[in-house]
Amino acid sequence: MARVNFGRTPTVRGYNPLANTLKPGHVIQMRGEFYVVDAVEGLTVDLVVTAGGNTAGTEISDNYDSGYFEDADLEPYRNHLYCLIPSLTGQPKFITRSGTYDGVGFPDDTAEVTLSGALKSIGAASRTMVGLISPRVYLKHPAGIPRWHLDEAPENDKTGFIDVTVSPHEDPNPNFAIWIESGENQLPQFRMVNTTGEAIYNPVIHLQGFKARLKHLNKRDIDEARKANGGKFVYKIIKPQGLPHAGSMSADYDPN
Amino acid sequence: MAIKELTKGKDANQLARQSPFGRPPYGGGYESSKDYKTGELVMLSEGLYRIKQAETISTIFHIGIQGTLTASATGSITIDMTQNNRRATELNTVAKVFPAGIQVLLGEQGFNNTNQIITNRANATSSTAGLLTITTDDTVRTALYPVGTECTILFIPKNETHAKQFLLDKTTMSALESPSSDTVIYELLWGLSQHPKYIGEDGEITSSGLNNATEATISSTNYGAQMGGTPIGSGGVRSGGEEAGDTSKVITGSGHGASGYGTSMVKYAGMISPSVRVYQPESVVRFSSDREKNTDATISIAGGQLNKSGFLDASDTSALSPNPSYRLLTGSNGNDGTLPFFETLQATEEDLHDPHIVIIGNKFTLVEVSTEEVKQMVRRSGRFNYKIIQDPTQAYKDLSDGVTGPRNGWKEAVEATKGRRMSFDDYKKLTDNVTSQTMNLLYGTSTQQVAKRSGIDPRQRHRGN
C-alpha cells in the first residue's frame with residue numbers, strides 16, 4: 001500500500017498563528033545574547049516516519065513504535081533560527097455496518113445486504129465515519145530532554161504527546177511550537193507510536209512555522225540602539241530549550 | 001442626462017470558470033492581516049518610503065497542466081503536454097484520461113490579453129508521446145490561437161502510484177509583479193483550492209475519484225417501502241422500485257462512495273490538493289529548510305518524497321483562508337526580479353479538477369521620504385518609527401551558512417570594497433549576511449552612513465544629491 005493523505009477538514013480556518021511572532025527588525029534575547037531579526041520566511045517540512053522498520057515510509061500498523069529518531073536536515077544554518085509547530089494529519093475512522101470499530105480500516109460495503117424480513121431498513125448498510133485518528137508523537141528537545149511532560153512523569157509516556165486532536169495539520173497548535181537552533185545537539189528527536197487500533201496510511205509529522213535570519217548584536221550595537229530609542233531597548237526573550245527538566249534518572253527504574 | 005459610456009467587460013468564455021467545487025460549506029472565512037497601512041513609513045532595501053495608498057486585490061492562477069498547441073482547428077485542438085523538468089515522464093509514457101467537461105484555457109494567464117475557454121466534449125486519452133487531442137462544441141478562434149499558443153488544461157490526471165508522482169514545470173503569471181518597482185508593491189497571500197477526496201464503496205483509498213459507477217443490486221423483497229424514506233447509502237439514485245414487494249430492482253448510479261457518502265459529502269471526505277513549491281526569484285526556492293533547498297530526490301519507492309521541505313498543500317495554505325506565513329511581496333526590489341514562480345507536484349493519486357491558487361492581497365503606492373523630511377521628523381519628536389518590507393531577492397536567496405563567506409561570494413565583496421582598508425568589523429559585516437534593511441536599521445540611513453559601509457549609496461540615483 002502506498003502512503004495516502006486523506007486531506008484536511010474543510011471546517012476550520014487553518015491559518016498559521018505564528019505569522020507575526022517575529023518580524024524583521026525585532027530584537028530577541030536568546031541564551032543571554034541579543035540578536036536583531038534580519039529576515040523572516042515561512043517554512044514547511046514533512047517528516048515521513050521511516051524509522052523503526054518502516055523503511056519504505058508507507059503505512060504503519062497498529063502498535064507501531066518508531067523509537068526516537070532525529071533528522072539532520074532540520075538543522076538550520078549558523079545564523080538561522082527555526083520555529084516549527086509539529087502537527088499530524090487525520091485519517092477517517094469508521095464503524096462498520098455491523099457495529100464493530102476496532103481494526104476495521106476501510107470496510108468493503110459492496111457486499112449485498114440480504115433483506116429477509118419485512119420492514120427491515122437497508123439504510124444501515126454502510127459504514128459510518130465517526131472521527132479522525134492519528135498516531136501519537138513524542139518529542140525530546142534538545143536531544144535527550146523529554147518535552148510536554150508532567151514534571152513527575154517525564155518518561156512514562158502517559159503524558160507528553162500530541163495527536164490530531166491536539167495539533168491537526170490544517171490548524172497546528174502554536175502552544176507546541178519548538179525553536180531549533182544550529183548545532184547537532186539542538187535537533188529535535190521525535191517518536192511516533194500508533195495506538196489507534198488501525199493501520200495509519202500517512203505516518204508523517206508535519207512541521208509548519210517560520211525561519212528567521214539573525215544578526216548578532218555586540219555591545220556597541222546595543223548601546224547605539226538604546227541611544228537612538230531614547231534610552232529604551234525593547235526585545236523579546238526566546239528560550240529554545242523549554243523549562244528546566246526534572247531529570248530522567250528516575251525513569252530508569254521500571255519494575256516491568 | 002449625460003450617459004456615461006462604460007467599457008465592455010471580457011466575454012464569459014474568455015474567463016476561466018470559478019472553482020468547480022465552490023468553497024467548503026462550513027469553513028472559517030478569510031482573515032486578512034494588513035501589515036502595512038496608508039500613511040505608515042516603510043523601509044525598503046532602497047531606502048525609506050511612505051505608503052500613499054493601499055487597495056485590496058484578488059485573482060486566480062490556474063495551475064493545471066501547461067502545454068502548447070500543436071494543432072488548432074475550429075472543433076478540436078491538440079496539446080503537447082511535454083514538461084521540461086524531466087520529472088514528468090509519466091505524462092509522456094502513460095496514456096492519461098481527460099474526462100468530458102474539463103476545460104482548457106487558451107492563451108497566457110494574466111495581463112490584459114485575450115483568452116478563450118473551451119470545454120472538452122468527450123473523454124479524451126493522451127498519447128504516450130504526451131499529446132492530447134480535445135474535441136469541443138465551442139468554436140476555437142484559430143486565428144487568435146494558432147499552433148504554438150500557450151494553454152492551460154484545467155485538470156491534472158492522477159498519478160498511477162505514489163512512486164509515479166510527477167512534477168509540472170514552473171509557471172507564473174507575469175502580472176503578479178507590480179508595474180513599477182519600488183513605487184508600487186504587491187503583498188500577496190495565496191492559498192490552494194481544495195478538492196474533495198472520497199473513499200471507495202469497496203474500501204479503496206486511492207484513485208477513488210468523484211464517482212463510483214458500479215451498481216448496487218438489490219434482489220431481495222420488501223425493500224421498496226423503506227426505500228421511500230431511507231435511500232440506500234443516502235447517495236444513490238433510484239431507477240424505479242419504490243413499490244413494496246417488487247423484486248429484482250436495481251439501484252443505479254451509486255455515487256460518491258455509494259454507501260452513505262451522499263448526505264454531506266465533506267463530512268465524509270478530506271479535502272486534498274496538489275502540492276506547490278514557490279520560487280522567488282525564479283531560481284530561489286522559498287519556504288524550504290536550509291539543508292533541503294535544491295536537493296530533490298528521485299522517487300522510486302512507494303513512500304518516497306521528492307523533497308521533504310518546501311512543498312505546500314491546502315493543509316498549509318488554503319484558498320479558504322490563505323496563510324499569512326507564506327505571503328509573497330513583489331515589486332519591493334529596485335532591480336525587479338521578484339516575480340514568484342509556482343511548481344506543482346501531483347502526488348495525490350486522484351484526478352484533480354481545475355486546481356488553482358487564489359491570490360488575495362494588497363497593493364501599495366509609495367513615495368520616497370526625503371532626508372529633509374526625516375530630519376524634520378527627528379526634530380519634532382526625536383525619532384520616527386517605520387516598518388520593514390522585505391526585499392525577496394536579498395532576504396531569501398542565501399544559500400550560504402554565513403560562516404564561509406559573504407552573501408554573493410568573495411569576488412563581489414572584494415570588488416565592492418576595493419581601495420578601502422578592511423577592519424575586523426568590516427569582515428564581520430560582510431560575512432554576517434544581512435539585508436540592507438538591517439544595515440539601515442542598525443547603522444543609519446544617512447547618505448554618509450550608507451556610503452561609509454558600502455561605498456555606494458543606491459539611493460543616490462533617486463535623490464540626485
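These legends walk you through some close-up views of a predicted model.

**View 1. The open sheet of chain B.** Six strands line up here in the order β20-β13-β23-β2-β1-β24, and their pairing is mixed. At the edges sit β20 (328–330) and β24 (387–388) of chain B, each of which pairs on one side only. As a reminder, strands of a sheet pair through backbone hydrogen bonds, either parallel or antiparallel.

**View 2. Where β1 meets β24 in chain B.** Which sense of pairing joins strand β1 (residues 41–44) of chain B to β24(B)? The two run in the parallel sense, and their pairing spans two bridges. Look for B:Val42, which stands opposite B:Lys387 in β24(B).

**View 3. Chain A from end to end.** Twelve strands and one helix make up the elements of chain A. Of the 256 residues in chain A, 44% are buried. Take the contacts in this chain between residues at least 6 apart in sequence: 79% of them join residues at least 24 apart.

**View 4. Confidence along chain A.** Chain A has a mean pLDDT of 84, with 86% of its residues at 70 or more. Among the elements of chain A, the highest mean pLDDT (95) belongs to strand β9 (residues 178–180) of chain A, and the lowest (85) to strand β6 (residues 128–133) of chain A. Over residues 119–124 of chain A, the pLDDT is below 50. In the model, this stretch has eleven contacts beyond near neighbours in sequence. A friendly caution: where pLDDT is low, the predicted coordinates should not be read in detail.

Note on methods. Residues numbered from 1 in each chain as written. Chains lettered and ligands numbered in written order. Predicted model: local features only at pLDDT ≥ 70, side-chain atom pairs only at ≥ 80, totals over all residues. Pairing = 2+ DSSP bridges. Helix = DSSP H or I, 4+ residues; strand = E, 2+ residues; numbered from the N terminus. Buried ≥ 20, exposed ≤ 12 C-beta atoms within 10 Å, placed from the backbone. Contact = placed C-beta atoms within 7 Å. pLDDT = per-residue confidence, 0-100.
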